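Keep the viewer open as you read.

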Amino acid sequence: MLHQSAAKLWQVGLRHNFSNFSKSKGSKNYEQYKLNYIISKYVGGLKGRFQDSISRLKVYREEKLRLPQKLKGGRVEKWAGFWKSLGEDYRTVAFETWEESKAKPKKTVLVLSALGMLVYAIQTNPDETSFQNSLILCRNELSLVSDSTRNPRSDGHMQYLLNCYNQGLLHRASCGPFSVIWVDDYHPDCSLYDARCSYLKPRYLTFYERIVDVGIFGTWWNLRKMMIDYDVNPEEWNKQ
């Protein structure tokens, strides 16, 4: 009975709200208004229930997280106040960031794209093993080409890197999203005075001269550059 009475009252209210839209104006407008009315009522009810749930959750949190009287004024209250204020600051920053992102969608897309590229670069940052495998692979490809057609620039660079690798002079330095391979003067286990003296260590101002490769996005780019036209010998045409 209660269900039937509520249904009748809802139908009466629905007809009252649709009184401005007679069917003479077109059934399509009438049905569209009817659908919009039902959706607004349903969404409004969900929004109200959600707000009530949030309010009850806040009250429950304040009651449960309230400090006992004996702990007030001490370190525990100060510690709790610090984290509470910190959480409110982060919440404010997150809300302002969300509002600004909606106001400036193009800037948001650019920032998110840059952050995505940065995360991808960090995830694909090549390690020292990757460089060793790439160096061996490039050397094997060069060995399949005859001396007459082998590019001397590519061959000389690979020979230099292999000699440094065999002597233990190649080192990798990770910079977060990318890595660099640089050449040292001595092996790490060398105990000569020149190798241990701090005044004879590589200088920061001239460190760029020791870099032989840069790796980013899972690729060692100088190796890739040196392998371009590795099977073409320009001097072969000059001799002819």
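Searching the whole structure turns up 6 salt bridges, where a salt bridge is a side-chain nitrogen of Lys or Arg within 4 Å of a carboxyl oxygen of Asp or Glu. This is a predicted model, so local features need pLDDT of at least 70 and side-chain atom pairs count only at pLDDT 80 or more, while totals for chains, interfaces and linings use all residues. Residues are numbered from 1 along each chain as its sequence is written, and side-chain values use heavy atoms, with hydrogens and water left out.

Helices here are DSSP runs (H or I, at least four residues), as are strands (E, at least two), numbered from the N terminus.

Arg150 and Asp147 form another salt bridge, at 3.1 Å, N to O. Arg150 counts as buried at 14% relative accessibility, whereas Asp147 is exposed at 61%. Through shared partners, salt bridges join Arg139, Asp147, Arg150 and Asp155 into one network.

Now for the nonpolar interior. A nonpolar core is a set of buried Ala, Val, Leu, Ile, Met, Phe, Trp, Tyr and Cys residues joined through side-chain atoms within 4.5 Å. The largest one has 17 residues, of which Phe131, Leu135, Met158, Leu170 and Leu223 touch the most other members. At least two residues of this core come from each of α5 (128–143), α6 (152–166), β2 (178–183) and α8 (221–226).

On to the sheet: 4 strands make up an open, antiparallel arrangement in the order β1-β2-β3-β4. Since β1 (170–174) and β4 (219–220) sit at the edges with a single partner strand each, one side of each is left without a neighbour in the sheet. Strands count as paired if DSSP finds at least two bridges between them; β2 and β3 (residues 211–216) have 5, in the antiparallel sense. Ser179 stands opposite Gly215 in β3.

Last stop, helix α4 (residues 105–123), which holds Leu115. At 46% relative accessibility, Leu115 counts as partly exposed.

How values were computed. Buried < 20%, exposed > 50% of the residue type's maximum accessible area, 1.4 Å probe, protein only.
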